[in-house]
Amino acid sequence: MMIDPDKRKRIRLAVYAMVSFALLLILLVCSLIIGPTFIPLPTFIDYLLDYDPNSKDHLILHTLRIPRALATILVGSSLATAGCMMQALTRNPLASPSVFGINAGASFIIVLGVVLLPGLSGLQLTIAGFAGGLLAAVLIFVMSAALRGGRMDVKMALIGVVIQALLGSFTQGLLIFNEESASQLLFWLAGSIAGTDWRDIGILLPTVSCGLILAFMLSRSLSLISLGDDIARGLGQRIWAVRIAGSMIVIMLAGTCVSVVGPIGFVGLIVPHMTRYLTGNNYRLLIPFSALLGAILMTAADVVSRFIHFPSETPAGIVTALIGAPYFVYLARRQGRRLA
């Protein structure tokens, strides 16, 4: 008996989702029990059933491990979704918050705020991250539109890399001339999830949840825009309204993550390409699956980072860079051959 192709596709996607959730659950447990203090699995189960504030292991789980694990999932989902949306909005497979300079813009304004106003709260730093990401995005778009000739997506990618390098240099210059702030910010600038607490979750959870919901609501329009402006306009899409709304969501997701854990690169570049192999180009599937795979990649990177210089902490951003930099070169070469 032949199985209907649509039914076969639904079964395949359901299997992918179940396997992904199972893998995320395994990595989540590893994240909770692995560290300088190894916590046995029965102790973790005991914590879930009967939390004892006088137990050292329970206290470590409650104050350190669980907030860190939740932050890892939220940051991975957020950055992967932001990268997925950017690739749709720009129709550029090389687009991501790190490559297009949004992370660098958010980092620069946050570091500037910390240097000039050391008493800024977490919410104020989040707003600063949003403002910095918006500044970088506007600067890249204006410069790309001002330059004549060439493909818009290629110009935006090249200018994004230049803006990223420029703002990164400004950030390093601020740290050089402010040694007191440098010691606190250098680890953060490498993209570290270590040290996140429940206050950070209070910032990440509502913002990322809102951003993911809005991204999914925009998914149908993103699918149409990814086919080309003429097709999308012919099907009744308001191109600029969708682009502005999508850009605000991307900046909100990326800026919030940078304000809490620092500029973690390449998650938004790698994950959407991985997801397309599973789901195709339908953004109603791409966005939720990208969020899920982003959480998996970020959690795996965080677990691996603990073994690089055990028992000392290594920023998870270093692990994602080790994976993402070669992949970026591969994508750039493949895109170059395709255009040729």
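Biologist: Is serine 78 buried or exposed?

Modeller: Happy to look! This is a predicted model, where local features need pLDDT of at least 70, side-chain atom pairs count only at pLDDT 80 or more, and totals for chains, interfaces and linings use all residues. Residues are numbered from 1 along each chain as its sequence is written, and side-chain values use heavy atoms, leaving out hydrogens and water. Serine 78 lies in helix H3 (residues 56-90). Its relative accessibility is 0%, so serine 78 counts as buried (buried means under 20% relative accessible area, exposed over 50%, partly exposed in between, with a 1.4 Å probe and protein chains only).

Biologist: Which residue has its backbone oxygen 3.2 Å from a polar atom of the side chain of serine 78?

Modeller: Serine 78 touches Val208, Leu253, Ala254 and Cys257, not counting residues up to four places away in sequence (contact means heavy atoms within 4.5 Å). The backbone oxygen at that 3.2 Å distance belongs to leucine 253.

Biologist: Nice. What is the phi of phenylalanine 266?

Modeller: Phenylalanine 266 sits in the loop between helix H11 (239-261) and helix H12 (267-279). With a relative accessible area of 19%, phenylalanine 266 is buried. Although this residue is not a glycine, its phi is positive, at about 75°.

Biologist: And how many residues in the contact of H1 with H13 are nonpolar?

Modeller: Good one! Helix H1 (residues 5-33) packs against helix H13 (residues 283-308) at an angle of about 25°, with axes 9 Å apart. Among the residues that meet are Leu13 and Tyr16 in H1, and Leu285 and Phe289 in H13. Of the residues in this contact, three are polar, two are charged and the nonpolar ones number 17.

Technical notes. Axes are lines fitted to C-alpha atoms, for helices over the stretch in contact, and angles run from 0 to 180 degrees between N-to-C directions. Helices (H or I, at least four residues) and strands (E, at least two) are DSSP runs, numbered from the N terminus. Ala, Val, Leu, Ile, Met, Phe, Trp, Tyr, Cys and Pro count as nonpolar, Asp, Glu, Lys and Arg as charged, and the others, Gly among them, as polar. A polar contact is a pair of N or O atoms within 3.5 Å; within protein, one must be able to donate a hydrogen and the other to accept it, and residues adjacent in sequence count only if both atoms are side-chain atoms.
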